[in-house]
Number of protein chains: 2
Amino acid sequence: MKKILIVGTVAYDDIETNKGNSGKILGGAGTYIALACSHFNSKTSVVSVVGGDFDKKHLELLENKGIDTSPIEIVSEGKTFYWKGKYHKDWNKRDTLATELNVLADFNPIVPKEFKESKIVVLGNLHPIVQGAVLDQLSKTPEYIILDTMNFWMDTALLELQKIIARVDIIVINDDEAMQLSGKESLFAAAEKILKLGPKYVVIKKGEHGSMLFGDGQFFVTPAYPVKEVIDPTGAGDTFAGGFGGYLSEQDELSFENLKNAIIFGTVMASFCVESFGTSSMETLKKEEVLDRLRNFKKFTTYSL
Amino acid sequence: MKKILIVGTVAYDDIETNKGNSGKILGGAGTYIALACSHFNSKTSVVSVVGGDFDKKHLELLENKGIDTSPIEIVSEGKTFYWKGKYHKDWNKRDTLATELNVLADFNPIVPKEFKESKIVVLGNLHPIVQGAVLDQLSKTPEYIILDTMNFWMDTALLELQKIIARVDIIVINDDEAMQLSGKESLFAAAEKILKLGPKYVVIKKGEHGSMLFGDGQFFVTPAYPVKEVIDPTGAGDTFAGGFGGYLSEQDELSFENLKNAIIFGTVMASFCVESFGTSSMETLKKEEVLDRLRNFKKFTTYSL
């Protein structure tokens, strides 16, 4: 069984969408990635930091999914990272109403000895320096490293971001962010330029419009899984990355064919995530439901020509 | 060989995009639909109207593609329908700078006797009353009728539009227009409501994000063909409808499986259309290029899971 090392926020969110208000709930990129990864036959652990206010039941929730939370540092005198946001009717737009970094401000990630040889590393959206600090602690080159990031780091830490991009195998990024990072106006041109920064593969996420894969001189595109009612898109991208990385962890090699399938898994996992506020649908998701939706997706996207 | 009867504008356009300015060029829904249809093994004819200013070489161009232009009425004392528009950087938005209806204002479509028994009818975007007048002249129920329309008729002739929708088998419509027509906020809910208006199938076009097919209690979704550089999106929807109808005309039955393949053909045909101003790429397109791109598309969208 391969080890997957995830680094990412474990946080509290407060989310408003046109479907309602979540109140203070469990969130964070590390949480979503780990919950998605936990459906695969690998050993998942999360490096993160929380405050003394972090509810033990949330750690138990992750542990009960087989996720090793021992690398989550608890700063008892501190408070957990908190984000409050409001989505527009157009799900692609959101306003941040509050960001309290709290314990995240001084986060110095420690990779426990038993995870220094992890086969797969998923760097969730965090400061590129923190992401790099995790890689620096590995004692063996992983089979592959997956990086997620966002426009905030392009605005505030571009050089550090470029450095970390050069060290990873696969970058997973939004369409708008791909264009910002590359300065290009088409996703093809953007992917081409990002590939030159170092990664072997670029995955561009287009939200409700699906995603694209570039690398090896090849190309793949898929629609999103059709969701009848979106309740809250928070964590969809992280869940996608988790399903993507989780599927890959079960495969023997990092081939384009496997990456395509990984994208389909990520796509299907993300469709569950958006159907409820926060992590709630991901907390109760069964592998059989994932496989059911996978069969549907195949039917929805296959033609005989 | 089946007969395809198209009704739609044959027009002059003047188009500005961020890639340049077309000047006055051949355009019109009927033109684009017919050019796409002409690649299939069917007998295509266009019912339309032009003015005395319409250049004979443009009729010859269509005739040279095997398109029967005899049902295009020439009003020698009138002027051809003219549209001038400017696209935003976001291709989905455009401003109409000028619309001169000219001979279209009094268009009274006449279906010649030899086309009254056409097997396939494609009603291009026109006033719903004009579309209905074409159906009224048919002497035999066609195998199927495909309808294209736009928001303009929802704003100005909703009742007539609903009446014509009830008479067709397949409606092809944009995502925004589907939501406007149905008053629904999701494309699933929109399609469900539009199906209740009468058609057996609804095709929702999402521009660069592909298209969806609803009907028979089934669902299909496909991305768009990836185009490296869009020059002018004018006519892409009509070309899609033409490729869609053309492919169907070669099939024995109106099954969901055939409709899926028809959407793939429409998708591929539309990708050529947007790569040049106006009809120019469609004027020189070879069937072999279509089949090449079809093979590529299959590669871009197929996964082994």
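Figure 1. On a 1 Å grid over the protein atoms alone, a cavity is a set of points where a 1.4 Å probe fits but cannot get out, and lining residues have an atom within 4 Å of a point. This is a predicted model, in which local features need pLDDT of at least 70, side-chain atom pairs count only at pLDDT 80 or more, and totals for chains, interfaces and linings use all residues. Residues are numbered from 1 along each chain as its sequence is written, chains are lettered from A in the order in which they are written, and side-chain values use heavy atoms, with hydrogens and water left out. One cavity of 30 Å³ or more is counted. The volume of the largest cavity is about 40 Å³, a volume being the space filled by probe spheres set on the points, with grid points joined across faces, edges and corners. Its lining consists of A:Val221, A:Thr222, A:Pro223, A:Thr301, A:Tyr303, B:Val221, B:Thr222, B:Pro223 and B:Thr301. β13 of chain A and β13 of chain B each give two or more residues to this lining. Helices (H or I, at least four residues) and strands (E, at least two) are DSSP runs, numbered from the N terminus.

**Figure 2. Helix α11 of chain A.** The helix covers residues 287-301. Contact here means heavy atoms within 4.5 Å.

**Figure 3. The second largest pocket.** A pocket is an open set of points with protein on both sides within 12 Å along at least five of seven lines. This one has a volume of about 410 Å³. Of its 21 lining residues, A:Lys228, B:Phe188, B:Gly217, B:Gln218 and B:Phe219 lie nearest the centre. α11 of chain A supplies at least two lining residues, as do α7 (187-196), β12 (211-215), β13 and α9 (256-273) of chain B.

**Figure 4. A:Ile170 and the nonpolar cores.** A nonpolar core is a set of buried Ala, Val, Leu, Ile, Met, Phe, Trp, Tyr and Cys residues joined through side-chain atoms within 4.5 Å. The largest has 104 residues, with the most contacts inside it made by A:Ile170, A:Phe244, A:Leu248 and B:Leu123. α9(A) gives the largest share, eleven residues. Beyond four places in sequence, A:Ile170 touches residues including A:Ile145, A:Pro199, A:Tyr201 and A:Leu259. A second, separate core of 103 residues includes A:Ile164, A:Ala191, B:Ile263 and B:Val268.

**Figure 5. B:Val47 in strand β4.** Strand β4 (residues 43-51) of chain B holds B:Val47. At 1% relative accessibility, B:Val47 is buried. Among its contacts beyond four places in sequence are B:Leu5, B:Val7, B:Pro71, B:Phe107 and B:Ile110.

**Figure 6. Two loop residues with positive phi.** Most residues other than glycine have a negative phi. A:Asn102 has a phi near 50°. A:Asn102 sits in the loop between β7 (94-100) and β8 (120-123) of chain A. A:Asp216, in the loop between β12 (211-215) and β13 of chain A, has a phi of about 55°. A:Asn102, at 28% relative accessibility, is partly exposed, as is A:Asp216 at 49%. Partly exposed lies between the buried limit and exposed, over 50%.

Notes. The expected span of a helix is 1.5 Å times one less than its number of residues. Buried means under 20% relative accessible area, exposed over 50%, partly exposed in between (1.4 Å probe, protein chains only).
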